[in-house]
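Please walk through this model with me, one region at a time.

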Amino acid sequence: MGCFGFLKTMMFLFNGIIFLAGGVILGVGIWVKVDNGSVLNFLQNLPGASSQMGQVLNVGYLLIALGAVLVILGFLGCCGAIRESKCMLMLFFIIILIIFIAEVAGAIVILAFRPLAETLIKQLGVDAVKSLQSDFGKNADVTGLWNTTMAGMNCCGFNNYTDFTNSYFVNTTKNYPNQCCNTSPCNQTAVRNSTVSGCFPALINLVDKNAVIIIAVALGIAALELAAMIVSMVLYCKIGSKA
């Protein structure tokens, strides 16, 4: 019983932290989407704030989705442990298992089917360039997403600045996005002398530089997921044996 009580307590505390973190993330995401005017004013009033800070508003939906998943997981883990609910513990186990299988499957696909992955990425690049050509500067969501990406990664376009050539944005403004140049205004002369790389090459370079950290974090997350599944199933079996 001592071990059972310890596992219940650890399950409650661990998932309590997840629940609170998910609640905070969910609240921030909702605030960003509902009261974006106040958020934008707050960001722009920060000392040394960049003009691109307002693009943070575009991550609202991602925060809401992530927060909702964490809240559900935390609730199932906490209540399942404290109330000794086999149903909640099983749901918690299944959700973690699905996430774990998806992560493992993704890793296997990337490693074992690298040529296929490269083909898919190339197709993604074609679609991304089409989006840049037709929607950047016209569609607010597409423009905001790309501005956030380019400002955050210090890159330009998917491949390079040529992705914007003859695009709606360039034809309308006669300039390239400011992120594509080292100087302003970002006209055709300036962009040709620019050293800013494309976002896909920048992403590859970032992954290569931080490969060890990425692998360590991935292994750490996998270990936590395995531990959570083991503890939830141990509690599930203990509750069943008590009944």
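Is Cys199 buried or exposed? Cys199 is buried, with a relative accessible area of 6%. The cut-off for buried is under 20%, so the value falls within that class. Keep in mind throughout that this is a predicted model.

Cys199 has a partner. It forms a disulfide with Cys155, and the two sulfur atoms are 2.0 Å apart. Cys155 is buried as well, at a relative accessible area of 0%. The link of Cys155 and Cys199 is right-handed, with 80 degrees about the S-S bond. Cys155 sits in the loop between H6 and H7, while Cys199 belongs to helix H9, so the bond ties together parts that are 44 residues apart in sequence.

How many disulfides are there? The count comes to 3. Next comes the one that joins Cys156 to Cys180, with an S to S distance of 1.9 Å. This pair also links distant parts of the chain. Cys156 is in the loop between H6 and H7, Cys180 is in the loop between H7 and H8, and 24 residues separate them. Both Cys156 and Cys180 are buried. The link of Cys156 and Cys180 is right-handed, with 80 degrees about the S-S bond.

Cys181 and Cys186 make up the remaining pair, their sulfur atoms 1.9 Å apart. Here the angle about the S-S bond is 70 degrees, and the link is right-handed. Cys181 counts as buried at 9% relative accessibility. Cys186 is buried too, with a relative accessible area of 1%. Number the bonded cysteines in sequence order and the pairing reads 1-6, 2-3, 4-5.

Cys87 is exposed, at a relative accessible area of 55%. Cys237 is partly exposed, at 46%.

Now turn to the loops around H7. Which peptide bond is cis? The bond from Ser184 to Pro185 is, with omega near 0 degrees. Pro185 is in the loop between helix H7 (168-173) and helix H8 (188-192). Lys174 lies in the loop between H7 and H8 as well. Lys174 has a positive phi of about 65 degrees, although it is not a glycine. At 62% relative accessibility, Lys174 counts as exposed.

Asn154 is not a glycine, yet its phi is positive, near 55 degrees. Asn154 is exposed, with a relative accessible area of 55%.

Next, the packing. Which residues touch the most other members of the largest nonpolar core? They are Phe136, Trp146, Met150, Phe164, Tyr176 and Cys180, in a core of 22 residues. Helix H5 (114-135), H6, H7, H8 and helix H9 (199-209) each supply at least two residues of this core. Another core lies apart from it, with 18 residues, among them Leu7, Ala81, Ile96 and Leu235.

Leaving aside residues up to four places away in sequence, Tyr176 touches Tyr161, Phe164, Thr165, Phe169 and Val170, among others. Its contacts also include Cys186, Asn187, Gln188 and Val191. Phe164 is, like Tyr176, among the core residues that touch the most other members. Cys186 is the disulfide partner of Cys181.

Finish with helix H3. Gly60, Gly67, Val71, Leu73 and Gly74 are among the buried residues of H3. Leu76, Gly77, Cys78, Cys79, Gly80 and Ala81 are buried there too. Ala81 is also one of the members of the 18-residue core. Just after H3, Glu84 takes a positive phi of about 55 degrees.

Note on methods. Residues are numbered from 1 along each chain as its sequence is written. This is a predicted model: local features need pLDDT of at least 70, side-chain atom pairs count only at pLDDT 80 or more; totals for chains, interfaces and linings use all residues. Side-chain values use heavy atoms; hydrogens and water are left out. Helices (H or I, at least four residues) and strands (E, at least two) are DSSP runs, numbered from the N terminus. Buried means under 20% relative accessible area, exposed over 50%, partly exposed in between (1.4 Å probe, protein chains only). A nonpolar core is a set of buried Ala, Val, Leu, Ile, Met, Phe, Trp, Tyr and Cys residues joined through side-chain atoms within 4.5 Å. Contact means heavy atoms within 4.5 Å. A disulfide is a pair of cysteine sulfur atoms within 2.5 Å.
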